[in-house]
Amino acid sequence: MNGETAQRKLSSTLESARSSGRVMNAVEVAFHAREAGLSLTESINAVRKHERRYYGAEGELESALASLVCSLAADQCASSILEYTAEYRLLLAEFIEKGRSELTIFSLNSEFAEALKILMEGSSATISAGIPIITSAPRFGAIVCVPPIGMRGNGGDGFGGEIVASLVPALAEDGLLCWVTTPGVLFHDTARDTFLTLSKMGLHVAAVIDLGPGALVGTKIGGVLIIFRRRELEQKLVGAMRAPEDVASIVRALKAGPVKKPGSVWEWLPADDRRSFKDLEHERLIRNLRPRGQHELKTIRSMLADTRVQRADRPLPDDFEGTALLFVPEYAGSRVTADIEEQTVKPRSVYRLIVDRKQASPRFLAQLLNSPYGRRLRSDIASGVTIRRVSVDALLSLELAVPDVATQERIARVNSDIGLLQAALRDMQATLQRDWTAFAETAKRVDDLKAALDIERRIADWWRELPYPLATIYRRYQVVTEPKERLETLLHFFEMFAVYLAAVGTSYVKALRPDWRDVLAKWLYPTGGAGIKRADFGFWISLARASLKDMARITSGNDLRADAIETGGPDLAQVASTLADLSKAIEPVDAARRVRNNSKGHGGHLKASDALRLEVELQQQVRSLYETTSSLLRLVHLVRPGMAEVTDTGLRYKVEILSGSDPTFETRRVEIDRPVKSGALAFWGVNGRTMCRALPFFRLGTAQQAQEASFYVFNRVESGGFRWICYQEAREQEFVAPDEELRGIMALRKA
C-alpha cells in the first residue's frame, strides 16, 4: 500500500469515529495508523496531530534535525543508543525503520510511550515512560536528549540540563551526547552552572549548531543542538542549520575535524570561545556595513569631553563651554541629531552627550549613527521586545569605526551641503506654489541644477541599469515613436514593475518568516477577490503593497526581526531591511494603473492625441519611480546562478547579472554561504553572502525554446497549466505550460 492510500485509509477511520461522537486517544490513533500501513514517522505525525498538541505534518527543519542526529549517531557505529524525548516525536525513528542498533526510548508522556510500543511492536526497541533512571554501567554509544523546556523545579535550569546530567553516567567512554534545547542555554546564568557541572563530570562541548525556527516541534522559535564528548577538546565546531541542505556540510565538517578555513554554514573555534555561528555571521555583517576607508575603532565614551550623560530636558552643567553636543534618543530606531531642535523625540527620552571636538565631530557622529551601519549597531545593543531601548552604559560602550577628525569634518560638510540643496529646492517649490509669476526664474534655476547633475539623461538612460525584465520594456519605450504604442509600452513597464515588486516582497517574506505559508495564503487568496487564479495589474499591486509592508515589519526591530535572523540569517535580513523602502514605489505604479483603467486605451479605441496626453501625464510617475527605486535596485540584483563549486570558505557560483536590456548578461563569480538552485532566478545583495530564491511568478525563456531570452510572467490558471505572457518583443507573446513549484505555492490556499 502506498503512502497516499494509507493516509486516506487512516483519515477515513478517524472521520468515522468523529462522526459517531467517539474521541480516540493517542494509543488508538497509533493502532489505526499501524493498521493503515503508515511509516513510523508518518504514524507519529498522525498521533500528535490528532492529539492537537501540534498542528500539521512534520516540517522540513524537523526532518533535517532528525537527519542530522541520525547521521551523528550512525557515525558512532554504536550498538546501543538511548533517546529521551519530552515531545510527540522521535528523532531516531530512522534507526527503527532501517533496523539499526539497539534503541532504548524514554518518553516523558506515558500515553505517547504506549503509542510508541504499538508502533514499534516486533522491533528490538525498548520503550519506557518517565525520566530515565540510570543504574547500570556506561553502555550507550550515543544519547539523544530532548528534555522539557521551562521546568525549574528540583534544581532545574529551565533547559533540561539536570536531565542531561542524569544521563551522563550511561554514556560510553567514546560516546556522543546530543542535547536539543533553546538558544537561551548559551547565555543564561542558570545554564552556566549546568555546563560547569557537565565539565566536572567529564563531558565537553564538541559542537554547537544553531537551529532555524521550526526545528523544535510546535514552535516558531529557533533552537540549538549541543554535542558533547567525554574527551577534552581544544576546538569546537559552531554552525547553523537553517535548511535541509546544511546537514551534509555539518556532518562532513565534524568527521573531518578542525581546519582553519570556515565552511559555508560552520566554523571551528577555540573550545573556550563562547561565540555561536550566529555571532560570527553578525560580525561579518557589521564588517560589510562598515564604510570603507581608513579608520580606527573608538568607543563613544572615549570621544566625549564629559562622561556625564543627562537627559536633554535637564539644564546643561554650569561648567559647560562650547556647542559640541550630540542628542541620541533612547529608542534604537529613532534619529540621532547634533541639534536638539531637529529632534522628533521628546527631550526627556533623549540622551545628551558632550563631545570632545578634538576626537570627533558631532554632526559626523549623528550621520554615522543614522546610517545602516550605525542603526544596526544601535539595534544590537538595544533591549526590549515591543519598544527597543538603548541604555546609557551600552551606548557609551558602543564601538564605532571613525576616520580622523579632519576627514569627519569634510564628510559632515558635504552632507550639510546636500541638506542645503534639499532646503533650497523645497523653498523654490513653496515659492512656486504661492507665486506663479516666479515660474520663469524658478524653472531656470532648476534647469541649471538638473544640467549640472544630468538628471534627465540619467532617467532616459535608466534602462542601462534596470533589472532585465524592466530594462527591455523601458528601452523599447524610449525608441518607439508611434504615440499609442509608446503609451501601451509604458503601461506594460508599470505593470511589469508591479510584478517585480511583488516578487521581491513575497520572496523575502518567504525566506525570513517561519510562518510564510499562512501569510502567503492570505495574500494570494484575498477575501472577496479572485486572487492569484487570475493575476491582473491590481492583484500584483496589492501583493506588492502587502509583502513590502510586511518586510518593513519584519525588519523594524520587534520580535519578528529575531525570527527573521534565525530563519534567513543576518545578511538576508539586512538586505530585506533596505529593500522595504521599495514600498514607496507603490503609489506611482498604482497611479499608472488608474490611468490605464480610466482611459479609452483599456480595451477600447484611443486617438493618437489622447495617447500622447496620457503619456505626458505618466512622465511624473516615471520620475517618482526613479527617485524611489533607482538607488535600491543598484544594491540588489536579479541574478541567475550557474553550477556551484565547493570551496573551503563557501560555495562559488558563476552568476549572470540580469540587468540592462542586452540579453548577453554580465557574469561574475560570487561566493555565498548557502546553496541556491542553479538556473533558478534569485535576488542578490551586491557583495552579500546569501541569495534569496525568487518565487516562481516569472521565468526567463520558455519551456519550448530554452534559448529564448524573453521574460514571461504568470497571468492566470488554464486547463492545461498556467498562462504565461510576455511584455517584451518576443517570438512567442504567450504560452500555456505547467510549473510544479508555482503549483505548490498556489496550493497554500486555506480550506
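User: What should be known about the model before reading it?

Analyst: The model is predicted, with local features needing pLDDT of at least 70 and side-chain atom pairs counting only at pLDDT 80 or more, while totals for chains, interfaces and linings use all residues. Residues are numbered from 1 along each chain as its sequence is written, and side-chain values use heavy atoms, leaving out hydrogens and water.

User: Why does the end-to-end distance of helix 17 agree with its number of residues?

Analyst: Helices (H or I, at least four residues) and strands (E, at least two) are DSSP runs numbered from the N terminus. The expected span of a helix is 1.5 Å times one less than its number of residues. Helix 17 covers residues 468–479, so its 12 residues should span 16 Å, and the 17 Å between its end C-alpha atoms agrees with this.

User: Which residues of helix 17 are buried, and what do they pack against?

Analyst: A residue is buried under 20% relative accessible area, exposed over 50%, and partly exposed in between (1.4 Å probe, protein chains only). Nine of the 12 residues of helix 17 are buried; among them are Y468, P469, L470 and R476. Contact means heavy atoms within 4.5 Å. The partners of these buried residues are helices 16, 18 and 24, together with strands 15, 20 and 21.

User: What covers the buried residues of helix 19?

Analyst: The cover includes helix 18, helix 20 and helix 25. The buried residues of helix 19 include W516 and W523.

User: How many cavities are there?

Analyst: Rolling a probe the size of a water molecule over the atoms shows where empty space is left. On a 1 Å grid over the protein atoms alone, a cavity is a set of points where a 1.4 Å probe fits but cannot get out; lining residues have an atom within 4 Å of a point. Grid points are joined across faces, edges and corners, and a volume is the space filled by probe spheres set on the points. Four cavities of 30 Å³ or more are counted.

User: What lines the largest cavity?

Analyst: The largest cavity, of about 60 Å³, is lined by residues including E281, R284, P570 and D673. Helix 10 gives the most to this lining, with four residues. Ala, Val, Leu, Ile, Met, Phe, Trp, Tyr, Cys and Pro count as nonpolar, Asp, Glu, Lys and Arg as charged, and the others, Gly among them, as polar. The lining of the largest cavity has two nonpolar, two polar and four charged residues.

Note on methods: 1 Å grid on protein atoms, 1.4 Å probe; cavity = no way out; pocket = protein on both sides within 12 Å on 5 of 7 lines; lining within 4 Å.
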